[in-house]
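Visitor: I would like to learn how to read a few features of this structure. Can you take me through them one at a time?

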Amino acid sequence: MSSLSVNQSIRYEADEPCPIWISLGIGLQGVVFALAPLVVVVAVTARAGGQSESYLSWAVFAALVIAGSLTALQSSRIWRFGSGHVLIMGATPNFVAISVLALVQGGPALLASLIVVASFFYLSLSQWLPLLRRFITPVVSGTVLMLIAAAVLPISLDRVHEVPAGAPAAAGPVIAGLSLVAFVGLALRASGAWRLWSPIIAVGVGSIVGALFGVYDFQRILDAPWFGITFGGFSGFDLNPGVGFWSLLPLFVIVTLVGGIKNIGDNVAVQQASRRQARATDFRRVQGSLNTNWLGILASGVAGTPPTTVYSSTSVSLINLTGVAARRVGFVIGASLVVLALFPKLPALLLTIPSPAMGAYLLVATGLLFMEGVRTVIQAGLDLQKVIVVGISFCLGAGLEQQTIFTDLFGGPWGGVLDNGMLMGALTAILLTQFLDLTSPHRGGRLRVSLDLSSLPAIQQFVVQQASRLGWNEASTQRLQSAAEETLMSLVQGSEAHTSGEAARLILVARPGFGLIELEFVAASDEENLEDRLACLSEETEAMDEGDLSLRLLRHYATSVNHQKYYGLDIITVRVRGSRPPGGVAP
């Protein structure tokens with residue numbers, strides 16, 4: 001394995017102390033860009049669902065408190081909650097369409113009941129994440145991120161034309177254009193504090209230009225109260241579910257699970273964007289993030305407001321643009337959102353930012369999100385098969401976003417769900433990936449043993465059988481045996497260091513491929529990621545202990561090593577390439 005690549009643009013990693021003034025500045029930027037979509041999603045849902053102003057006021061207040069509290073929790077790691085990264089949360093647009101259907105059919109009570117029930121399906125996604133690793137691959141996650149960018153792009157462009165009636169025709173394009181020029185120019189060439197404040201400066205430029213065109217809404221600021229806590233507007237749950245509940249529940253479950261798949265990609269992207277040195281994805285943090293998202297959905301259901309989850313683009317874009325990934329920023333954003341819920345005039349001040357200026361920001365953020373998806377796919381290793389999977393899935397999903405094929409064919413709510421490009425693109429990527437796995441020309445086997453060195457003979461016999469099926473020569477077979485032995489030794493050492501008593505169980509799965517065999521070791525967790533340890537060995541000059549020697553040997557024998565860590569579970573995937581004797585065939 002090669003030494004770790006370095007991302008010099010990261011000034012502060014997640015666990016590094018960040019000066020308070022920088023944390024406050026970056027946190028303010030995160031609040032600016034999270035507040036508007038949060039309030040807009042809640043307002044659009046409530047008004048399209050025919051709800052009163054009292055419900056809208058309550059829903060906005062509750063959404064701000066929930067989003068702020070859980071944004072701070074995302075930056076923490078408390079038991080199995082939180083990711084330890086800056087993940088901004090807010091009312092998600094994914095639920096707008098079905099939330100409107102629920103409000104129209106049964107009001108806030110029906111919406112609340114559906115969200116609470118659907119939240120437990122989301123929780124199951126987090127608990128079953130180790131079992132879903134063969135389905136939610138980097139190819140699937142990267143494709144979903146690209147599809148999200150494709151879905152958000154029209155929204156960012158549409159905001160260019162959102163100006164008050166009677167405004168000059170050139171107002172929107174000029175505001176957006178100058179904001180974009182300021183944003184991109186500072187992001188590309190500025191350094192230090194100027195680069196950190198480039199989004200705020202760009203939005204400020206757009207606001208000044210908007211005021212010159214007469215499209216800055218000062219009256220909203222004057223009408224908003226200085227302080228207020230909203231009560232009422234929500235009548236409770238629907239404890240007697242009827243036809244409306246059962247007809248809409250499948251839709252809520254599907255959208256919830258699709259959102260969970262997207263959130264997995266969000267967390268992987270944030271982990272990658274938050275580090276100077278590339279490291280393996282810590283899936284315990286992914287599970288912590290999903291658990292926090294579950295709390296957001298559940299709390300939203302209890303409060304009767306549209307579901308709250310991680311925003312897909314804001315967090316990664318904020319880190320990429322500023323180079324600051326410190327967790328303190330997440331605490332500042334979370335606290336600020338809760339404070340804003342208590343001071344309505346402050347959200348009103350931020351909401352007066354002209355829509356074209358916000359559209360310019362969304363355009364830049366969308367481009368960065370799309371490239372995060374591309375990078376996720378490339379890091380998994382691109383071959384012709386993966387290129388076809390990603391290309392077809394993305395084109396199908398992006399194309400369906402612009403069509404109503406299934407709505408015209410089937411009608412009703414199900415037609416609208418099937419026309420969801422992100423859903424269909426993600427399902428296509430999953431199905432094609434599974435098709436490749438199921439139609440592999442060589443099927444491997446499975447072995448269950450104890451996580452102990454006494455299991456080595458059984459493991460050696462197992463891997464020799466796999467190599468024999470492919471007709472590998474003696475040198476390749478010995479290399480496969482050695483890689484399996486060194487992986488077992490590394491797992492046993494970790495198990496002995498953190499557990500006592502009866503040895504844990506080990507499941508070994510072999511998946512032959514074209515010129516290689518993939519060995520997957522599933523065992524109890526230790527505290528160190530083997531993949532990161534392997535990558536760091538080349539930079540260490542101190543004397544090696546026995547464990548380091550075993551790791552160096554594993555790196556020598558294996559083509560690649562991937563280590564996924566979950567709560568209570570380690571999954572190590574070792575790939576070894578081999579060859580047949582010259583002119584030989586399988587014995």
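The dialogue below goes through strands, salt bridges, cysteines and a surface patch.

Guide: First, the ground rules. This is a predicted model, where local features need pLDDT of at least 70, side-chain atom pairs count only at pLDDT 80 or more, and totals for chains, interfaces and linings use all residues. Residues are numbered from 1 along each chain as its sequence is written, and side-chain values use heavy atoms, with hydrogens and water left out.

Visitor: Which strands pair with E5?

Guide: Strands are DSSP runs of at least two residues, helices are H or I runs of at least four, and both are numbered from the N terminus. Two strands pair if DSSP finds at least two bridges between them. Here E4 (residues 505-512) pairs with E5 in the antiparallel sense over 6 bridges. Strand E7 (residues 569-577) also pairs with E5 in the antiparallel sense, over 8 bridges.

Visitor: What phi does Gly515 take in the hairpin of E4 and E5?

Guide: Gly515 takes a positive phi near 75°. That hairpin has 3 residues between the strands.

Visitor: Is strand E5 mostly covered or uncovered?

Guide: Buried means under 20% relative accessible area, exposed means over 50%, and partly exposed lies in between (1.4 Å probe, protein chains only). E5 (residues 516-523) is mostly covered, with 8 of its 8 residues buried. Both faces are covered. One side carries Leu516, Glu518, Glu520 and Val522. The other carries Ile517, Leu519, Phe521 and Ala523.

Visitor: How many salt bridges are counted?

Guide: A salt bridge is a side-chain nitrogen of Lys or Arg within 4 Å of a carboxyl oxygen of Asp or Glu. The count comes to 3. Arg511 meets Glu518 at 3.5 Å, N to O. Arg511 also forms a salt bridge with Glu520, the closest N and O atoms being 3.5 Å apart. Glu518 forms another with Arg575, where the closest N and O atoms are 2.9 Å apart. This last pair links distant parts of the chain: Glu518 lies in E5 and Arg575 in E7, 57 residues apart. Salt bridges with shared partners join Arg511, Glu518, Glu520 and Arg575 into one network.

Visitor: Why does Arg511 count as buried?

Guide: Arg511 counts as buried because its relative accessibility is 19%. Glu518 is buried at 9%, and Glu520 is buried at 2%. Arg575 is partly exposed, with a relative accessible area of 30%.

Visitor: How many disulfides are counted?

Guide: A disulfide is a covalent bond between the sulfur atoms of two cysteines. The cut-off is a pair of cysteine sulfur atoms within 2.5 Å. The count comes to 0 disulfides.

Visitor: Which residues form a nonpolar patch on the surface?

Guide: Patches take residues with over 30% relative accessible area and no salt bridge; like charges are joined within 9 Å, nonpolar side chains (Val, Leu, Ile, Met, Phe, Trp, Tyr) within 5 Å. Areas come from the Shrake-Rupley method with a 1.4 Å probe, and for residues only the protein chains shown count as cover. The patch consists of Trp226, Phe227, Ile229, Val339 and Phe343, with about 530 Å² of accessible area together. Trp226 sits in the loop between helix H8 (218-223) and helix H9 (243-273). Trp226 is exposed, with a relative accessible area of 63%.
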